[in-house]
Every structure is written in structure tokens, then in C-alpha cells.
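This briefing is meant for a reader meeting the structure for the first time. Please look over the sequence and the model before going on to the notes that follow.

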Amino acid sequence: MSAEQSNIVLDITGVNKSFGGLQALSDINLQIEEGKTHAIIGPNGAGKSTLLNTCIGLLKADSGRIDFEGNDLTKGYLPHDINQMGISRVFQTPQIFPDLSILQNVMIPAFARRDGSFKMNIFKALRDEKEIAEEALHFLEDLGMVDGHSDRAGSLSRGNKRRLELAMCLIQHPKLLLLDEPTAGMARHDTNQTIELLMKIKERGMTKVIIEHDMHVVFSLADKISVLAQGAIIAEGHPDEIKGHPKVREAYLGSAEV
Amino acid sequence: MKTIELSTPKRDLIILVVFSIIVLIAPLWGSLIGAGYPDLLQRFAIFGLFAVGYNILFGLTGYLSFGHAAFLGVGSYVTVWSFKLLTMNALPAIAFSVVFSGLFALVIGFICLRRTGIYFSILTLAFAQMSYNLAYSVLTPITQGETGLFVLNDDPRVIDGALGIVSAENPLASLFGITLDGYEGFYFCAVILILGFWLSLKIFRSPFGMKLVAIKTNQTRMEYTGFNHRPYLLAAFVISGMYAGLAGGLLAVVDPIAGAERMQWTASGEVVLMTILGGLGTMFGPIIGAVTIKYMENIFSGINDTLLASWFEFLPESITNLIVTIVSPFVGSGWHLTLGLMFMMIMIFLPGGMLEGAQKINAKIFNKNKPEQLEKDGVA
């Protein structure tokens, strides 16, 4: 493998974060390579979500550097700044605009990419934004959601809300896509659908960081896995290496299916 | 029903034309319901405009401001000052009222929008009450405090003076020689209401309007989608503040006087009631609410005990007295009780406002789709 030659999209070096006396992250070093799906796994409370939230500016790291295209993300950027740099995020509970139509849900992120974080033009009607609407329809078609695109998004099933949220992220052509437990709380059927969907995105070579509990999801998707336990990375490698890693088994304490 | 494709340019044009016709023939339908005199019609148009603007903030973004009467007051004062210092022409006066209330809204909005929800509402309320009290105390040189700001005969009026226009004994606002009182005053307000409605329609149909609704439904997602919600909310706040200032300016145009009571919190509360009563977040709802409240105020506050007694005089005297005793707290100066009851009824049975009621009836008669899908399709 030519890991050394590929570009590093996100470079996390020496990140520490503590809440009061609790060391949530200690000296995290992580390189996310371009075009790869990088999974971060670990038991509950290992610091996975903290790490993700530090990357997107929701939490401020105590020390260390998170480098994304020359910007240090620990420098207190706001979520919209980080999105405008090219990082999109999928949430544990799908975050959509329930009162808008499905199509409008996908058009909004397309506006964000085209117009930046603020644009006010009230004299061009939404219906005249044909290019954006067509692009949105194209993405919905890709994810098999083009039928009923004028329905209220809030009426979708959880699996379909996730699908919609992914469409909303993809239309921004992000340089990095962060997925926070994309299958959490989903029925098996929805989980499998989501995996299929993510496989499809993977073929496009988009760089992804995925945080996941479900080992089935991780081993079907990830190119590389980092294992987080008690705020530190205890193992890193290809899925096959991780499967047999003694430290990982220990961290999961007898989760035999690992 | 709820897609952008459905609000065609043709449909929007029909909405605007129908609305304009209804507004312009208001003296006709007004006389049918006993409101056919200019003073009340002017109030319909002015408070309709106030509510249309307020709806852009409250209806689209969901931010409940309890301080919009402050902008109404600023608009009135600025207009009267323009009458005093420059000219009795109404156009520069209302232009100034829009500019100054906009600047005022920019400052207040910038501070209040640091908070959301109930804290935002309280901050706006606090600012409005501060403005009200300032108008009575420190700012008396500008506002004339309790007496209110009047137009006087010996005011400088430099532009009028330069053009050689001599003002009458008690100067009234004018538009290039047309005195803006009575029906002329109403039509002036009506045209501005139509323009204001057109602008609001544009906002509702624009991506900007959709983004405001998006902020209302999921601010977190909006942030993580790359939008900075602050300037959007501030823009909506300033726009609605400008509408309020314009409405305040028009109040001073049809009656050139400005008083601090216009800024009181009850006036802010009234526009909230109007918007909710008619139908929050809808195009027509706020205007329907404004007309209903101003109409009810006029009808019910005009009824007194003598009038009540004369209606029921065919009954035995004891029964007449009983009826008068029961009904009289709800009329005259107590008409707010009636308003309160009506508001409660509407909130309980028609949370979407009067427009929802109309749509439900409409849907029953024509057996159309679900009522909530009918109005909002431009944005939601």
C-alpha cells in the first residue's frame, strides 16, 4: 500500500482535551488520508464524540493542532466557517429541516456552497433557481429519493432522514465528510441500506471519518481503523489487523464478535 | 402541494392583483360592515402593514419580539420632525422614518439577537420599555414628553420655505399639493400597504425566505450547513423594524402628532396578537388579524350602557338591566375582554389562526387537500 504517498486531509497532532478533572482526549495523533474511509471505534465514553466535536469547532481543544488545508481547526472557528472550508457532518440523530420539503432540504446546502455563509437577494424567486433545483434533484435521484420530493421532510422514516441528510452533505462536495454513528438506533434493514449507501459514496473516493459502534458497519466500510479507549488511541491499522489486536479485545472486554 | 414549483409567477401575480383590489375597494366593503369611514380604514392599512412586517420576523424565523412598538414610535417621531424641519410632503418624511427605524433596529437587533427564545423576547421588551421611558424623560427635547410632538405653524420647514409653499393654519401632510387626510390619506396608506405586501411576497418566495424558515426549524443544521445565522436573523429583524417604522410614519402622516404611548409594550403586544390571530407565517393572515382587531376595537369600544339598554328595551326592565350588567364589562373601554376571549377561542380551536379556519371551511366545501398545505407553499 502507498499510504505514505497519499495526501493527508486532516492532520491531528497532540490534541488534549479535559473536562474538569477528566482527561477526555490525551495526546491524540491521527492522520486522515485523502479518499479513504477512516473509522474511529471504541467503547462508550472513549472520547469518540469529543474528538469529532473538537474537529468541527464545537469544542475547543486544550492543546494540540488539527490541520485542515493549512487551517488549524483548534483556533476557534464557528461551525459554519468549518463547513465553508469543506467539512460536512452527519449527526447521530439525523439533522434535517423537518418543515421544508425534501427538495428544499437539499437545495439549502447547495446555496451554502454557491453563495457562502450569507447572501441576501430577495428579488430572485426560489423557483428561478433552476440550476440548484436540478442539482438537488440529481442527488436525490442518486439516493433513490426523487419520488415524493415535494413532501414534508419531517414525515420521512428515520432511515430516509439519514439518507436525506447524506444527500444534503454530498451536494456540498465536501473535502471531508464526518459521520457520527450513522446507523445508531436504526433497524437492521435501515442499517443495511445505509451501509449500501455509504459503499456507493465510497466508490466516489470521498474522504470520510466515521464513528461507529456497530462492528458490522465498520468492517464493511473502513479502509483504516483507529481504536480509542479512555481518551487515547490504543491501536491503528487495517480492519484485519484490528480484528485480531489483543489490546482491542481487551478494551471491548470480551466482545467476541470483534 | 408544498413545492416551489407550485408558486408560479402567474399565481403570485393573481395574489397581488386580488390583494390590491381588495385594499383599494376597502371603502366599499368597509361601508357594508360599518367601517366605511377613512379614519378606521387608515388604521386597517397602517396596522396591516405593521403586521405584515412583523410577520417577516416572527412568522419566518420564529423569533418573538415584544419590542416592535419602539420602531413604530421612532417612525412617528422622525416623520413629525421631518414635517417640522423640512417639508409637509409625506414622501421624504416616511423615507426618513424607514431609515431611522432601520438604524435603530440594527442596533437593538444586534444586541438582542445574541440570545434566543424567551431571553430574546425579554431583551426586546426591555429595550422597548427603555425607549418608552426615555421618550418621557431624557429625550423630552426631541419628543416633547407627555404633550406629544406637534406640527406648529411657525416651524422652519426649510424645503417648503425655499419652494415658497405656505402652510395652512393647522398644517396637514401633503403629497405634491394633495392634502393627505380623509380618503386621500387612506389611499396613500393603501398604496404603501400594497407595496409592502409585494415586498413581503418577494421575501416569502425567495431563497432568503426559505433560509429564514430553515433557521426556524433547525438552527443547528443551518450552522453545520455553512450558513451564519446571525446576519440572516439581523436582516429579518431590521426589515421588520423598517416596516414598523414605516407604519409609525404613516400614523403621523394621517394625523401629524407623535406620542410616547405608541411605544408602550401593549402596542408591541397588539401586533403579536394580530399576527397570531390572523395566521402566523402566512401571507394574508397578519393583515386579516390587524383588520379584525382594529374593527373589533372600533365596534366594541363604541358600545356603551345606554346603547345596550336601547337594544334590549323591548324586554322587561329587570331582564334588560341584567343583560346590560353582564354584557357591559365586555364593551366600551372593556372591549379588551372580548378580544381576549376571542383570542383564546382561536388559539384553542384554530391554533393556525383565522386563516386556518377559512382554509378548513374551504377544504370542506371544495374537498381539497389538507388545509395546512394550502397557504405556505411558497416557502414551507
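Helix H13 of chain B is followed by Gly279(B), whose phi is positive, near 145°; helices (H or I, at least four residues) and strands (E, at least two) are DSSP runs, numbered from the N terminus. This is a predicted model, in which local features need pLDDT of at least 70 and side-chain atom pairs count only at pLDDT 80 or more, while totals for chains, interfaces and linings use all residues. Residues are numbered from 1 along each chain as its sequence is written, and chains are lettered from A and ligands numbered from 1 in the order in which they are written.

**Helix H13 of chain B**
- The 14 residues of H13(B), residues 265-278, should span 20 Å at 1.5 Å a residue, which agrees with end C-alpha atoms that are 20 Å apart; the expected span is 1.5 Å times one less than the number of residues.
- Among the buried residues of H13(B) are Ala267(B), Val271(B) and Met274(B), where buried means that 20 or more other C-beta atoms, placed from the backbone, lie within 10 Å of the residue's own.

**Chain B as a whole**
- The secondary structure of chain B comes to 18 helices and 4 strands.
- Buried residues make up 48% of the 380 residues in chain B, and its C-alpha trace spans about 70 × 60 × 40 Å along the principal axes.

**Where the chains meet**
- The contact takes 32 residues from chain A and 29 residues from chain B, two residues being in contact if their C-beta atoms, placed from the backbone, lie within 7 Å.
- On the side of chain A that touches chain B, H3(A) gives the most, with 6 residues.

Methods
Buried ≥ 20, exposed ≤ 12 C-beta atoms within 10 Å, placed from the backbone.
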